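Colleague: I would like to learn how to read a sheet and its side chains in a model such as this one, so please take me through it step by step.

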Amino acid sequence: MSESYDVVIIGAGPGGYNCATRCSQLGLTVALIEKDQTLGGTCLNVGCIPSKAMLHASELFETASKDLAGMGIEVSGVKLNLDQMLKQKAEAVTALTNGVAYIMKKNKVTVIRGSGRIAGPGKVIVTGAAGEQTLAAKHIVIATGSEPATLPGVEIDEERIVSSTGALSLKQVPKKLILIGAGIIGLELGSVWRRLGAEVTVVEYLDRIIPGADGEIAKQAQRVFAKQGMDFKLGMKVTGVEKQKSKLKLTMEPAKGGAAETLEADVVLVAIGRRPYTQGLGLETVGIVPDKRGVIANDHYRTSAPGVWVVGDVTTGPMLAHKAEDEATA
């Protein structure tokens, strides 16, 4: 089966669904391709929204546990119900992803489930549960987003060794959690589990936290996190994580050279950044060559291929939802 559209968008995250909405409002026929079960991409499903729900809930838990008495509010029997906390996080996600689906329907955007790949100029093939479907398009927009970066020697299983995705759904509070990477995402999630009772140790390759942020702000932030109970191992390179029967054994060495050290933990969270998601997109069929990180270059959102555009995490600039939204509208 072949269908023709003015615009075919690959990826239904903040870049993709906002682009679809605006194109439709301007009178274009639009198809939006998404490989996952729900719309909204990383931000709504396993990023901004669930992490903020957990941040808010964990802050309230710690306030009730430690701070209210000092304000003259006596509370007894404060207890963590992790299952309910995760449930309310999931409900927030479901409400918003359903909302995006409604917006697509309202704006007459055709949502197609499956993995999309470019098969030449003006041609996209979608592989889904029902087989392959070919779409013709005057314009193709790549909005495939990003995925967690991995570390050699550290195999993520999303149960004991987790990325940011797995860290949002741990079945119990770990006694000891090691966070590899002191960037925004890692510190955010590390602080959630620290408030809920975990001992958190942060291992960072650089000699500072929050790379890219102002130096003085990073210093003050580290003081705040340390006061909250986080321990920092800066200037350390992780060389591997060994899975033992009941524990994880992390090996690290000074980034500038020196003797190896080991740490034990129940959970290791790998948060060393994100990388553009460009695998299997068929970019070679239209002559697009990403850089070694997978970034697709753009000139006012145009790629090197006529009629092919790119927005969001998969191109240059900060990997932020609102940045993808504004690029999509533009």
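**Reading the sheet**

Modeller: Strands E9 and E15 pair in the parallel sense over 4 bridges, where strands are DSSP runs of E with at least two residues, numbered from the N terminus, and two strands pair if DSSP finds at least two bridges between them. This is a predicted model, in which local features need pLDDT of at least 70, side-chain atom pairs count only at pLDDT 80 or more, and totals for chains, interfaces and linings use all residues. Residues are numbered from 1 along each chain as its sequence is written, and side-chain values use heavy atoms, leaving out hydrogens and water.

Colleague: Which residue of E15 is the bridge partner of Leu 177?

Modeller: Leu 177 has Val 267 as its bridge partner in E15. On E15 there is also Leu 269, which stands opposite Val 162, and E8 and E15 run parallel, joined by 2 bridges.

Colleague: In what order do the strands of the open sheet lie?

Modeller: The order of its 5 strands is E8-E15-E9-E10-E11, with parallel pairing. The edge strands, each pairing on one side only, are E8 (161–162) and E11 (231–234). Between E9 (residues 176–180) and E10 (residues 199–204) there are 5 bridges, and Ile 180 has Val 203 as its bridge partner in E10.

Colleague: Which way do the side chains of E15 point?

Modeller: In a regular strand the side chains alternate between the two faces of the sheet. From E15 (residues 267–270), Val 267 and Leu 269 point one way and Val 268 and Val 270 the other way, and all are buried, that is, under 20% relative accessible area with a 1.4 Å probe and protein chains only.

Key: Buried means under 20% relative accessible area, exposed over 50%, partly exposed in between (1.4 Å probe, protein chains only).
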